[in-house]
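Here is my note on the model, as numbered points. Please read it with the structure open.

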There are 2 protein chains.
Amino acid sequence: MKRIEVIQNVLEANETIANRNQQLLDRHKIFTINIMSAPGAGKTSLILQTLTRLKNRLNVAVIEGDVASTVDAEKVQGEAKAVVQINTGKMPESCSLMAAMIESALKDMPLENIDLILIENVGNLICPAEFALGEHKRVVISSLPEGDDKPIKYPLIFVDADAVIINKMDLLPYVDFDIAAFRRSITGLNPEVKVFQLSCKTGEGVERWCSWILEQVETNATKR
Amino acid sequence: MKRIEVIQNVLEANETIANRNQQLLDRHKIFTINIMSAPGAGKTSLILQTLTRLKNRLNVAVIEGDVASTVDAEKVQGEAKAVVQINTGKMPESCSLMAAMIESALKDMPLENIDLILIENVGNLICPAEFALGEHKRVVISSLPEGDDKPIKYPLIFVDADAVIINKMDLLPYVDFDIAAFRRSITGLNPEVKVFQLSCKTGEGVERWCSWILEQVETNATKR
């Protein structure tokens, strides 16, 4: 079972670098959120909505993770204090951001002028669950058109989430999605998880999410 | 670079088993389609629609790939000639079906009584692109709510596809999706690709997809 051992080593090495990243972030009083979801659930839209509402209150930077392309980084450029694009390329690195990639990205950022870093992970509900990046909070976005069975089919990413966002609430009249059943599934896996229902298209519910971030940033600053 | 080498070995070993699978399938005159997509794009719904239309003309079996749960296998049970559930579990196997899993599944199927196997891969646009299973055709489903930029962000899976299905066409009035731009992106990567626009919810467009399968099965049978 050589292969499994190697992967185990990769996960352990990743954990070490993730811890180092968090120490660096803490030294600079930077709060960091790792945003994960399936492709097209709305990570970039959520980041744009969040930047619009928080950019006058916090210095926000963004790290964009994608297999290929810089389209998301281009969208947030101009709204964020700093943007770094990471292209993960080919397997095995392609299916998730890893701590070493964040370590490199942090070297390209003006850390003394940043309060909050939003990390957009690669669109994937499987691999990102396994790789810590050094983030303070882990957030999973699920969007209504994906269906309400995602926590049953991809449990690991929901088990470790600090918050789950139910996005595309504007599509509720047009899709089959049982919100109560979805909430029961995630709280069954993770009783402490915070849940937000919102629409990045209409902006409905985004304010509550931004208030939560502000609270987290404040609590984190007080703790140190 | 030990880790990369190991992954390279895994891909090579996978290729060998995939070739063996295809020889076994060919011996039994079974045509096989590998269906890939992001989570919630409609793989199971497409399989259900396909079974409804083809079950009186072909003996269709289904292999269901999921990280966890048997919800999809339960949905297709009763409609298919045979169903095998594969749960991929933890990393590194979790993020895609692999040829060895299909080899095991084929041992549990009455191969002499099957004309067509539909393989539902794990919901993921990255890993499944790298693992051949022994299938005859590779199909990617993209659904409108995911956005029209998926070929730019996950090119590899589109480059190797024989067909791309644009699903959830019923949501076109409610989402921002430029069908012409999406089609330009995929044919730019893969000029020979066949494209189907359909809605598994309303059934619109599914007939054309099923006719294509029937043609493929026939052409494949004639070739041997």
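1. Start where the chains meet. In this predicted model, 46 residues of chain A are in contact with 46 residues of chain B; contact means heavy atoms within 4.5 Å. The area buried between chain A and chain B is about 3,800 Å², and carbon and sulfur atoms give 66% of that area. Buried area is the accessible area (1.4 Å probe) that two parts lose on being put together, summed over both.

2. Next, the polar links. Between chain A and chain B, the count is 9 residue pairs in polar contact, both residues at pLDDT 80 or more. A polar contact is a pair of N or O atoms within 3.5 Å; within protein, one must be able to donate a hydrogen and the other to accept it, and residues adjacent in sequence count only if both atoms are side-chain atoms.

3. Which elements of chain A give two or more residues to the side that touches chain B? They are α1 (2–27), α3 (71–76), α5 (150–153) and α6 (155–159) of chain A. Helices are DSSP runs of H or I with at least four residues, strands are runs of E with at least two, and both are numbered from the N terminus. The largest share, 5 residues, comes from α1(A).

4. Now the charges. The structure holds 16 salt bridges over all chains, and the count between chain A and chain B is 6. A salt bridge is a side-chain nitrogen of Lys or Arg within 4 Å of a carboxyl oxygen of Asp or Glu. One pairs D72(B) with K153(A), with the closest N and O atoms 2.5 Å apart. Another pairs D149(B) with K75(A), at 3.9 Å. D149(B) lies in the loop between β5 and α5 (150–153) of chain B and K75(A) in helix α3 of chain A, so the pair joins two chains.

5. Chain B has an open sheet of 7 strands. Its order is β3-β2-β4-β1-β5-β6-β7, with parallel pairing. Two strands pair if DSSP finds at least two bridges between them. β3 (82–87) and β7 (194–197) of chain B stand at the edges, each with a single partner strand, so one side of each has no neighbour in the sheet.

6. Look at one pair of strands. β2 (residues 60–66) of chain B and β3(B) pair in the parallel sense over 6 bridges. A61(B) has A82(B), in β3(B), as its bridge partner.

7. On the method: local features need pLDDT of at least 70, side-chain atom pairs count only at pLDDT 80 or more, and totals for chains, interfaces and linings use all residues. Residues are numbered from 1 along each chain as its sequence is written, chains are lettered from A and ligands numbered from 1 in the order in which they are written, and side-chain values use heavy atoms, with hydrogens and water left out.
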